[in-house]
Amino acid sequence: MSASRGYRAWGRPMSDRWQKEHGDPPERPFWTKVAVGVSHCGAGCTVGDIIAETAIFLFGVEIAGRALWAEYAGDYILALALGVVFQYFALAPMRGLGPGRGLVEALKADFLSLTAFEVGLFGWMALMSFVFLPGSPLHPGSPVYWFLMQIGMVIGFFTAWPMNIWLIRRGIKEAM
């Protein structure tokens, strides 16, 4: 199914305008809810990774002589912070939660999902850095680096998929 057909079938019916004209939206398949949940998590990861990677590169930060460790730390911290904020604004209104409880629930919903996403991304980048391209330091100033990061983010999408199924089925994360 193309993205536009998917949007017309499951995205557009969620809008207020569509529902005023047609009534309640049709039930979406579970896999589409998981895909949206993983994409939501991936958005926080991606934005956090881009900002952290760029800052670490510009400031020349290293841990144990390698930028990769600093990138992992910066990516994870910033991705988690942004992911929790994104999750808060999705979760708190759906559940009618105040700021304190909303942040706790957002952290519960995003921590495992985001960690699973980053495991895929970080594992891929470690393979690239230590196994496949060990003599060629990868860094954010290189288009190859960003190409490999994109592949890593796709891998992260798939490593986060099972965790999102579990979180949604347990009611920890909202099906979106």
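Start with α3 and α5, which lie oblique to each other (under 35 degrees would be roughly parallel, over 145 roughly antiparallel, 65 to 115 roughly perpendicular, and the rest is oblique). The angle between these two helices is about 60 degrees, and their axes are 9 Å apart (axes are lines fitted to C-alpha atoms over the stretch in contact, with angles from 0 to 180 degrees between N-to-C directions). Helices here are DSSP runs of H or I with at least four residues, strands are runs of E with at least two, and both are numbered from the N terminus.

Before going on, keep in mind that this is a predicted model, where local features need pLDDT of at least 70 and side-chain atom pairs count only at pLDDT 80 or more, while totals for chains, interfaces and linings use all residues. Residues are numbered from 1 along each chain as its sequence is written, and side-chain values use heavy atoms, leaving out hydrogens and water.

On the α3 side you'll find Cys-41, Gly-42, Cys-45 and Asp-49, and they meet Asp-110, Ser-113, Leu-114, Phe-117, Glu-118 and Leu-121 of α5 (contact means heavy atoms within 4.5 Å). Sorted by class, that contact has five nonpolar, two polar and three charged residues (Ala, Val, Leu, Ile, Met, Phe, Trp, Tyr, Cys and Pro are nonpolar, Asp, Glu, Lys and Arg charged, and the others, including Gly, polar).

Helix α3, residues 30-59, packs against helix α4, residues 67-95, at an angle of about 140 degrees with the axes 7 Å apart. Because of that angle, α3 is oblique to α4 as well. The crossing of α3 and α4 is right-handed. The α3 residues in the contact include His-40, Cys-45, Asp-49 and Ile-56, and those from α4 include Ala-67, Gly-74, Leu-82 and Phe-86. This α3–α4 contact divides into 13 nonpolar, six polar and four charged residues. Note that Cys-45 and Asp-49 of α3 turn up here and also in the meeting with α5.

Between α3 and α4 there is a loop, and Ala-64 sits in it. Have a look at its backbone: Ala-64 has a positive phi of about 55 degrees, even though it isn't a glycine. With 74% relative accessibility, Ala-64 is exposed (over 50% is exposed, under 20% buried, and in between partly exposed, using a 1.4 Å probe and protein chains only).

One more helix pair: α5 and α6 pack at about 145 degrees, with 7 Å between their axes. α5 passes α6 in a right-handed crossing, and the contact contains 19 nonpolar, six polar and one charged residues.

How about the rings? The whole structure holds seven aromatic pairs (ring centres within 6.5 Å, taking the six-membered ring of Trp; planes under 30 degrees apart are stacked, over 60 edge-to-face, the rest tilted). Trp-69 and Tyr-72 have ring centres 5.7 Å apart and planes at 80 degrees, so that pair is edge-to-face. They are three residues apart in helix α4, about one helical turn. Trp-69 is partly exposed at 35% relative accessibility, whereas Tyr-72 is buried at 14%. Phe-157 and Trp-161 make a tilted pair, 5.8 Å centre to centre with 50 degrees between the planes. Both lie in helix α6 (residues 143-169), four residues apart. Phe-157 is partly exposed at 21%, and so is Trp-161 at 22%. Ring pairs also link Trp-69 and Tyr-72 with Phe-122 and Phe-130 in a cluster.

Tyr-72 leads us to Met-125, which touches Tyr-72, Leu-138, Tyr-145, Leu-148 and Met-149, leaving aside residues up to four places away in sequence. Met-125 belongs to helix α5, residues 99-132, and is buried at 3% relative accessible area.

Finally, zoom out. The chain has six helices and zero strands, and its C-alpha trace spans about 60 × 40 × 25 Å along the principal axes. Of its 176 residues, 39% are buried. Among contacts with a separation of 6 or more, 67% join residues 24 or more positions apart.

Note on methods:
Left-handed = near helix turned anticlockwise from the far one by under 90°.
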